[in-house]
Amino acid sequence: MTQPVARSSTIKNVLLAGILLMLAGDFLFALNDAMGKWLVASFSVGQVVLIRSIGAFIVLGPMIANQGAGKLFQMERPGLQILRVVATTLDTALFYAAVVYLPLADVMSFYMAGPIYVAALSHFLLGEKVGWRRWVAILIGFCGVVIMLKPSSAAFSLSSSFALVGSLAFAFAIILNRRLRGTSDTNLVTWQTIGTLAVGGALTIGAWKTPSALDFGAMLLLGIVSCGAHLMITRALKLAPASTLAPLHYTLLLWAVVFGLVFFGDVPGPRILIGSGIIVLAGMFIFHRQKVVDTTVPPENVPKGVN
């Protein structure tokens, strides 16, 4: 009798640890996004991405040393690895390009549609069966995106298109994560960081502005915070079911509203609130149906941080 009770208590504690790590990881990602918006107001997107990528290696360095640098070149499906690096680099660069002009909550709302894009793309790219209920939810989610875009010649902006294309790149990266399950997190994160480092360096040519020690430290901290958040979420997915953790990812939107209001004075308009509300509800329904149809939900179903 004592053993089953102890086992049940252990399972609950592990589940709670997973939930807390997921919430903490999402908070750090939102904090990272707010810091990024503050920095791109004074420095070019390329410079922020470049120094941020250097900062990420403060976390990645010990991980690479632990597994051995040689394993970085033992890649499965190199073609898909390259496509993933391109997708994650686009995701990061376009996110920062969008927040130069748009409120943080607006940009994050577009990225919250990522799981909806993943569900649609999985049918065509992975051959996964998507039932009619999830197709309805996908279409409803797209309606939420259209509401946020307000597609007219007067309202549709280049910054909105940055957020839209960036969120699609984010979803495509998640799809590629599923195809590359045999690759270690260290390899995946290292190569995507190398990609953003290279692109950031290229975009910085002719646009370098010497930062103060505080600004340079803040840009390095971006990489540290982002890597820390990624590791927290990765660990959370090993402690608790993805279907339990997935809805918690939408707390990113809540933090984006809070940080946007506190630090930038941004108040989301009715169009963004309505559109993001539709997207969140559609996304949560898709996660619910995924759990009903397939009890073994791959960890990649949970969006990892957009940047």
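Helices and strands are taken here as DSSP runs, a helix having at least four residues and a strand at least two. On this basis the predicted model contains twelve helices and zero strands. The order along the sequence is accordingly written α-α-α-α-α-α-α-α-α-α-α-α. Of the 307 residues in the protein, 50% are buried. Among contacts with a separation of 6 or more, 89% are between residues 24 or more positions apart.

Two packed helices are described by the angle between their axes and the distance between the axes. For helix α2 (residues 45-67) and helix α8 (residues 185-204), the axes come within 8 Å and cross at roughly 155 degrees. Because angles over 145 degrees count as roughly antiparallel, α2 is roughly antiparallel to α8. The crossing of α2 past α8 is left-handed. On the α2 side, the contact is formed by G46, Q47, V49, L50, S53, I54, A56, F57, L60, M63, I64 and Q67, and on the α8 side by T186, N187, V189, T190, T193, I194, T196, L197, G200, G201, L203 and T204. Classified by residue type, the contact of α2 with α8 comprises twelve nonpolar and twelve polar residues, with no charged residues.

Within helix α2 lies I64. This residue, I64, has a relative accessible area of 13% and is therefore buried, the cut-off being under 20%. Residues up to four places away in sequence being excluded, I64 touches F57, A69, L72, T186 and T190. I64 and T186 are 122 residues apart along the chain, yet their C-alpha atoms are separated by 6.8 Å. Both I64 and T186 are listed in the contact between α2 and α8.

Helix α8 also holds G195, which counts as buried at 11% relative accessibility. Apart from neighbours within four places in sequence, G195 is in contact with V85 and T89. The C-alpha atoms of G195 and A87 are 9.7 Å apart in space, and the two residues are 108 residues apart in sequence.

A second pair is formed by helix α3 (residues 78-99) and helix α7 (residues 158-179), which pack at an angle of about 150 degrees with their axes 8 Å apart. The angle makes α3 roughly antiparallel to α7, and α3 passes α7 in a left-handed crossing. From α3, the residues L80, L83, R84, A87, T88, L90, D91, L94, A97 and A98 meet S159, F162, A163, V165, G166, A169, F170, F172, A173, L176, N177 and R179 of α7. The contact of α3 with α7 is divided into 15 nonpolar, four polar and three charged residues.

Helix α3 also packs with helix α4 (residues 104-111), at an angle of about 145 degrees and with the axes 9 Å apart. Here α3 passes α4 in a right-handed crossing. The α3 residues D91, L94, F95, A98 and V99 and the α4 residues L104, V107, M108 and Y111 make the contact. By class, the contact of α3 with α4 has eight nonpolar residues, no polar residues and one charged residue.

Conventions:
Residues are numbered from 1 along each chain as its sequence is written. This is a predicted model: local features need pLDDT of at least 70, side-chain atom pairs count only at pLDDT 80 or more; totals for chains, interfaces and linings use all residues. Side-chain values use heavy atoms; hydrogens and water are left out. Buried means under 20% relative accessible area, exposed over 50%, partly exposed in between (1.4 Å probe, protein chains only). Contact means heavy atoms within 4.5 Å. Axes are lines fitted to C-alpha atoms, for helices over the stretch in contact, and angles run from 0 to 180 degrees between N-to-C directions. Angles under 35 degrees count as roughly parallel, over 145 as roughly antiparallel, 65 to 115 as roughly perpendicular and the rest as oblique. A crossing is left-handed if the near helix is turned anticlockwise from the far one by less than a right angle, and right-handed if clockwise. Ala, Val, Leu, Ile, Met, Phe, Trp, Tyr, Cys and Pro count as nonpolar, Asp, Glu, Lys and Arg as charged, and the others, Gly among them, as polar.
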